[in-house]
Every structure is written in structure tokens, then in C-alpha cells.
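Dear colleague,

Please find below the structure that I am handing over to you. My notes on it follow.

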Amino acid sequence: MSEQQPSVGRIVHYVSYGTPGGEYKSECRAAIVTEVTEHPDADGTVGLCVLNPTGQFFNRNVAHAQDKAAGASDHPGGTWHWPERV
Ligand SMILES: [Zn+2]
């Protein structure tokens with residue numbers, strides 16, 4: 001699964017930034033891939049349309065979080081990953 005390449009139109013998770021004081025936790029948000037950044041090393045950087053419960057925003061050059069244990073708390077804010085299996 002970690003070898004799977006993102007493509008335009010796929011739905012992934014974007015990890016929101018939590019606040020330093022913990023008022024807001026870092027959370028997984030649904031996001032649609034809008035572009036795949038061309039890189040010689042194909043490192044998985046993409047553009048996303050992030051779908052928050054209260055609105056959407058667009059983000060370019062979002063880095064792929066390295067696959068490891070599932071869950072937002074395991075991924076840094078501002079990165080994307082494939083949706084966890086539930
Ligand atoms: Zn997630």
C-alpha cells in the first residue's frame with residue numbers, strides 16, 4: 001500500500017494543525033487531490049482541496065506523511081496520508 005501513488009481526484013486525509021495549548025487537536029480531514037507535484041524523485045507531494053466541517057481550503061505542495069501507525073496523532077500537521085482502514 002505504501003507504494004500506491006496519488007492521482008488527481010483521489011480522496012486522502014489531510015492532517016490539520018492543532019493549537020499549541022491543545023484547544024484544538026490535530027485531526028484527519030477529508031481532502032481531494034487536485035494535482036500531483038512533479039518531482040524527479042516522485043516523493044508524493046500533492047495539491048489538495050481540504051474539506052473541513054466548516055469550510056474548504058486549497059493547499060499546494062502538501063508532503064506525504066511516511067506510512068506508520070494510523071491516526072492523526074501519529075502524523076504531523078500539514079501532511080497527507082491514505083485514509084486509515086476502519
Ligand atoms: Zn487519517
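**Notes on the structure**

C28 is partly exposed, its relative accessible area being 25%. In these notes, buried stands for under 20% relative accessible area, exposed for over 50% and partly exposed for what lies in between, with a 1.4 Å probe and protein chains only. Please note that this is a predicted model: local features need pLDDT of at least 70 and side-chain atom pairs count only at pLDDT 80 or more, whereas totals for chains, interfaces and linings use all residues. Residues are numbered from 1 along each chain as its sequence is written, and side-chain values use heavy atoms, with hydrogens and water left out.

**Overall fold**

The protein has zero helices and five strands, in the order β-β-β-β-β along the sequence. Both kinds of element are DSSP runs numbered from the N terminus, a helix (H or I) having at least four residues and a strand (E) at least two. The five strands make a closed barrel, β1-β2-β3-β4-β5, with mixed pairing; two strands pair if DSSP finds at least two bridges between them. On average, and with direction ignored, neighbouring strands of this sheet are turned by 50° against each other. Axes for such angles are lines fitted to C-alpha atoms (for helices over the stretch in contact), and angles run from 0 to 180 degrees between N-to-C directions. Of the 86 residues in the protein, 33% are buried.

**Strand pairing around β1 and β2**

Strand β1 covers residues 11-15 and pairs with β2 in the antiparallel sense over five bridges. V12 has A31 in β2 as its bridge partner, and Y14 stands opposite R29 in β2. β1 is also joined to β5, by two bridges in an antiparallel arrangement; here Y14 stands opposite W80. Four of the five residues of β1 are buried, so the strand is largely enclosed by the rest of the structure.

β2 and strand β3 (residues 46-52) run antiparallel and are joined by six bridges. Within this pairing, A30 stands opposite L51, and V33 has L48 as its bridge partner.

The C-alpha atom of P83 is separated by 5.6 Å from that of V12, although the two residues are 71 apart along the chain.

**Salt bridges**

Two salt bridges are found in the whole structure, the criterion being a side-chain nitrogen of Lys or Arg within 4 Å of a carboxyl oxygen of Asp or Glu. One of them joins E35 and R60, with 2.7 Å between the closest N and O atoms. This pair links distant parts of the chain, 25 residues apart: E35 in strand β2 and R60 in strand β4 (residues 55-64). E35 is partly exposed at 23%, whereas R60 is exposed at 60%. In the other salt bridge, the side chains of E27 and R29 meet at 3.5 Å, N to O; E27 is partly exposed at 33%.

**Surface features**

I11, I32 and L51 form a nonpolar surface patch, with about 230 Å² of accessible area together. Patches are made of residues with over 30% relative accessible area and no salt bridge; like charges are joined within 9 Å, and nonpolar side chains (Val, Leu, Ile, Met, Phe, Trp, Tyr) within 5 Å. Accessible areas come from the Shrake-Rupley method with a 1.4 Å probe, and for residues only the protein chains shown count as cover. I32 belongs to strand β2 and is partly exposed at 30%.

Finally, N61 has a positive phi of about 60° although it is not a glycine. N61 lies in strand β4 and is exposed, with a relative accessible area of 55%.

With kind regards
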